[in-house]
Amino acid sequence: DQQRRHRSADANTHTAEDPPKILITGSLGQLGLEMARFLRVKYGQENVLMSDIIKPTKSTAAEGPYIFADILDFKGLQEIVVSHRIDWIIHFSALLSAVGEQNVPLAVRVNIEGVHNVIELAKQYRLRLFVPSTIGSFGPDSPRNPTPNVTVQRPRTIYGVSKVHAELLGEYYHHRFGLDFRCLRFPGVISSDPPGGGTTDYAVFMFFEALRTGKFECYLRPDTRLPMMHITDCLRSLWEFLTVPPDQLRRRVYNVTAMSFTPEELAEELRKYVPHLQVSYKPDSRQLIADSWPQVFDDSEARKDWGWEHKYNLEELVKTMVREVGAQVQ
Ligand code: AKB
């Protein structure tokens, strides 16, 4: 009965005419500003609140509302939800795979305690909650080519462990309390806003170094195949998934991807624009992480259930990144 009451109160359906108020946590990471821009076009500048514990640049602050939010401060989060009448939370705060290994206690706090706070908050105020997961939620026991939506998940990084934890807790709160929890497992995301602390980041750095110096030293072996997608596809997948009516979703956690490539294949495509690009390979501890991750990600369930379709293949991705990174390094 309690579940039903939550479900019906949870209609939480919004449109461009009746826009949701959206809070983005950790919004100064790789995805936050671009996500805010995307949603502000759809729902209006004032309805998308960026937040972080970091001071924004003048230009970021000028783009729309920006507030301080510490995801470890539950009361502070409650105050934000109430005073800003928040409907949806997009919870981006997290330490990524490589940096998480360097500071496990901090990763536990941010990635696990932070998720406890936002899940409980979303339950209390009946918010729709999106938490990204990752290819990193799989491990060496998972099938790697392809990796299906439901399979063994025994990750070996604290990042992966925290993301499996988020997936399971969100699904549990959905079944137990009717929480409108939504989660996509993203591959490496390629954008001209550099990421920080991940294993798939090499693919972004290659563009910057190639266009700046014509040389790149890669911390993964040339044949390391990993799933990837361009940020434009990533943000659109998030928004499309977030706006699927709740009763149309067969599950709450979906794999999404666009392509898979190796450093060698990326360099080859990039040589169309930087013909003399020299790439050397010096694998470090991130190689071990990559070796435990999916090589090819099976996102057929997302394609079937809510119509996911990527637009960027390797050729389009490289063309776009060369243009965007090129404009920055001039
Ligand atoms: C990382 O490499 O840690 C992230 C991810 C794939 O989740 N980019």
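## Terms and overall form

Helices are DSSP runs of H or I with at least four residues, strands are DSSP runs of E with at least two, and both are numbered from the N terminus. The structure described here is a predicted model. Under this numbering, the chain contains 13 helices and 13 strands. Its radius of gyration is 19 Å, close to the 20 Å that the globule rule gives for 330 residues, so the chain is as compact as a globular protein of that length. The C-alpha trace spans about 65 × 45 × 40 Å along the principal axes of the chain.

## Backbone features in two loops

Arginine 85 lies in the loop between α4 (74-83) and β4 (88-91). The phi angle of arginine 85 is near 50°, a positive value in a residue other than glycine.

## Packing of α6 and α7

Helix α6 (residues 104-125) packs against helix α7 (residues 158-177) at an angle of about 15°, and their axes are 10 Å apart. Because angles under 35 degrees count as roughly parallel, α6 is roughly parallel to α7. The two helices, α6 and α7, cross in a right-handed sense.

On the α6 side, the contact is formed by Val104, Ala107, Val108, Asn111, Ile112, Val115, Ile119 and Lys123. Helix α7 contributes Ile158, Tyr159, Ser162, His165, Ala166, Leu169, Gly170, Tyr173 and Phe177. By class, this contact of α6 with α7 comprises 12 nonpolar, four polar and one charged residues.

## Packing of α8 and α13

Helix α8 (residues 202-213) meets helix α13 (residues 314-329) at an angle of about 55°, with the axes 9 Å apart. This angle makes α8 oblique to α13, and the crossing of the pair is right-handed.

Phe207, Phe208, Leu211 and Arg212 of α8 make the contact with Met321, Val322, Val325, Gly326 and Val329 of α13. The contact residues of α8 and α13 divide into seven nonpolar, one polar and one charged.

## Packing of α2 and α9

The axes of helix α2 (residues 32-43) and helix α9 (residues 231-242) come within 10 Å and cross at roughly 55°. Helices α2 and α9 are therefore oblique to each other. The crossing of α2 with α9 is right-handed.

Glu34, Met35 and Phe38 represent α2 in this contact, and Ile231, Leu235, Leu238 and Trp239 represent α9. Among the residues of the contact of α2 with α9, six are nonpolar, none is polar and one is charged.

## Surroundings of the ligand

The residues around the ligand are Leu96, Ser97, Thr134, Ile135, Gly136, Tyr159, Gly188, Gly198, Thr199 and Thr200. This shell divides into three nonpolar, seven polar and no charged residues.

Definitions and conventions
Residues are numbered from 1 along each chain as its sequence is written. This is a predicted model: local features need pLDDT of at least 70, side-chain atom pairs count only at pLDDT 80 or more; totals for chains, interfaces and linings use all residues. Axes are lines fitted to C-alpha atoms, for helices over the stretch in contact, and angles run from 0 to 180 degrees between N-to-C directions. Angles under 35 degrees count as roughly parallel, over 145 as roughly antiparallel, 65 to 115 as roughly perpendicular and the rest as oblique. A crossing is left-handed if the near helix is turned anticlockwise from the far one by less than a right angle, and right-handed if clockwise. Two residues are in contact if their C-beta atoms, placed from the backbone, lie within 7 Å. Ala, Val, Leu, Ile, Met, Phe, Trp, Tyr, Cys and Pro count as nonpolar, Asp, Glu, Lys and Arg as charged, and the others, Gly among them, as polar. A residue is near a molecule or strand if its C-beta atom, placed from the backbone, lies within 6 Å of it. The radius of gyration is taken over C-alpha atoms; the globule rule is 2.2 Å times the number of residues to the power 0.38.
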